[in-house]
Amino acid sequence: SLNEFNCIMSIDGVEVPFTKDFPEEPESESNNESEEEKPSVDTDALQAEIEKLKNELGMEKEKYVALENVQDVANLGAIARTCEALGIGGIIISSNGCDPYSPKSLRASMGTVLRMPVYIIDNLSEFIIDKGLRGFACVVDKNATPISNVNFANGDVIIIGNEANGISKETIKNIENKITIPMSGNAESLNASAAAAIAIYELTK
């Protein structure tokens, strides 16, 4: 006979309910019953079920923030905390940026990077395109689309660049959508974490 259990597994920060049938353990006639005779969980089948659920969830069902070559752990931490607070699905970080799991990064993010999906990748634009996401490069360019004019949807990613140099030329070339935060004052640009906070608010509102 079977015992049916209602279970919940966490996949990339998402709790997914599922039902699993486990064989009912037969009553033993002897205390010397061998381990081989006891029923066991089919771990291969369970892992296959988990992978299937991962594929069904897909990254296109969430909104993301991508950080390219961000070097300051204080900026990474502030951005991560904003992402968590406003319900971002995950953070995509280029491998040439600061380590999100270093002690300083963990302290700056107040542990946020341990509570939400983080993707560390080598090629930012390639990853975004391969995953079928719609990337938006946040640039300082009066010819770019004002961020408040964009209708964001699930599957969208805003890209924040390096503190000094912004987004790389390769990423700007490969990402079709260019957005900007209009500024009426005398400052030429915003701090990376400040720009990210505004962009994340627009992404999620």
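Me: What makes the contact between the side chains of glutamate 84 and arginine 115 a salt bridge?

Reply: In this predicted model, the N to O distance between the side chains of glutamate 84 and arginine 115 is 2.8 Å. The cut-off is 4 Å between a side-chain nitrogen of Lys or Arg and a carboxyl oxygen of Asp or Glu, so the label applies. The pair links distant parts of the chain, 31 residues apart: glutamate 84 belongs to helix α2 (residues 73-85), and arginine 115 to the loop between α3 (103-108) and β5 (118-121).

Me: Are glutamate 84 and arginine 115 buried, exposed or partly exposed, and why?

Reply: Glutamate 84 has a relative accessible area of 33%, and arginine 115 has one of 49%. Buried requires under 20% and exposed over 50%, with partly exposed in between. Glutamate 84 is therefore partly exposed, and arginine 115 is likewise partly exposed.

Me: How many salt bridges does a search of the whole structure find?

Reply: The search finds three salt bridges. One of them joins arginine 134 and aspartate 156, with the closest N and O atoms 2.7 Å apart. This pair also links distant parts of the chain, since arginine 134 is in strand β6 and aspartate 156 in strand β8, 22 residues apart. Lysine 205 and glutamate 202 also meet through their side chains in a salt bridge, at 3.0 Å from N to O.

Me: Why is aspartate 156 called buried, and how is arginine 134 classed?

Reply: The relative accessible area of aspartate 156 is 2%. Arginine 134, at 35%, is partly exposed.

Me: What else does the side chain of aspartate 156 reach, and which residues beyond its sequence neighbours are in contact with aspartate 156?

Reply: The side chain of aspartate 156 reaches the backbone nitrogen of alanine 153 at 2.7 Å. Its side chain also makes a polar contact with the side chain of arginine 134, again given as 2.7 Å. Leaving aside neighbours within four places in sequence, aspartate 156 is in contact with Glu62, Lys63, Tyr64, Arg134, Phe136, Asn151 and Leu203.

Me: How do you know whether lysine 205 and glutamate 202 are buried or exposed?

Reply: Lysine 205 has 60% relative accessibility. Exposed means over 50%, so lysine 205 counts as exposed. Glutamate 202 has a relative accessible area of 13%. Buried means under 20%, so glutamate 202 is buried.

Me: How many aromatic pairs are there, and why is the pair of tyrosine 119 and phenylalanine 127 called tilted?

Reply: The count comes to three aromatic pairs. For tyrosine 119 and phenylalanine 127, the rings are 6.0 Å centre to centre, with 45° between the planes. Tyr64, Tyr119 and Phe127 form one aromatic cluster.

Me: What makes the pair of phenylalanine 136 and phenylalanine 152 edge-to-face?

Reply: The ring centres of phenylalanine 136 and phenylalanine 152 are 5.0 Å apart, and their planes stand at 70°. Planes over 60 degrees apart count as edge-to-face, so the pair takes that label. Phenylalanine 136 is in strand β6 (residues 134-138), and phenylalanine 152 is in the loop between β7 (145-146) and β8 (156-160), 16 residues apart. Phenylalanine 136 is buried at 3% relative accessibility, and phenylalanine 152 is buried at 14%.

Me: Why is glycine 166 classed as partly exposed, and where does glycine 166 lie?

Reply: Glycine 166 has a relative accessible area of 28%. This value falls between the limits of 20% and 50%, so the class is partly exposed. Glycine 166 lies in the loop between β8 and α5 (169-174). Not counting residues up to four places away in sequence, glycine 166 touches Glu68 and Gly161. Glycine 166 and valine 140 are 26 residues apart in sequence and 8.5 Å apart in space, C-alpha to C-alpha.

Me: What is the mean pLDDT of the protein, and over which residues does pLDDT stay under 50?

Reply: The mean pLDDT is 81, and 73% of the residues reach 70 or more. Residues 1-5 stay under 50, and the model has 17 contacts beyond four places in sequence for them. Where pLDDT is low, the predicted coordinates should not be read in detail.

Methods: Residues numbered from 1 in each chain as written. Predicted model: local features only at pLDDT ≥ 70, side-chain atom pairs only at ≥ 80, totals over all residues. Heavy atoms only, no water. pLDDT = per-residue confidence, 0-100. Contact = heavy atoms within 4.5 Å. Phe/Tyr/Trp six-rings, centres within 6.5 Å; stacked < 30°, edge-to-face > 60°. Helix = DSSP H or I, 4+ residues; strand = E, 2+ residues; numbered from the N terminus. Buried < 20%, exposed > 50% of the residue type's maximum accessible area, 1.4 Å probe, protein only. Polar contact = N/O pair within 3.5 Å; in protein donor to acceptor, adjacent residues only side chain to side chain.
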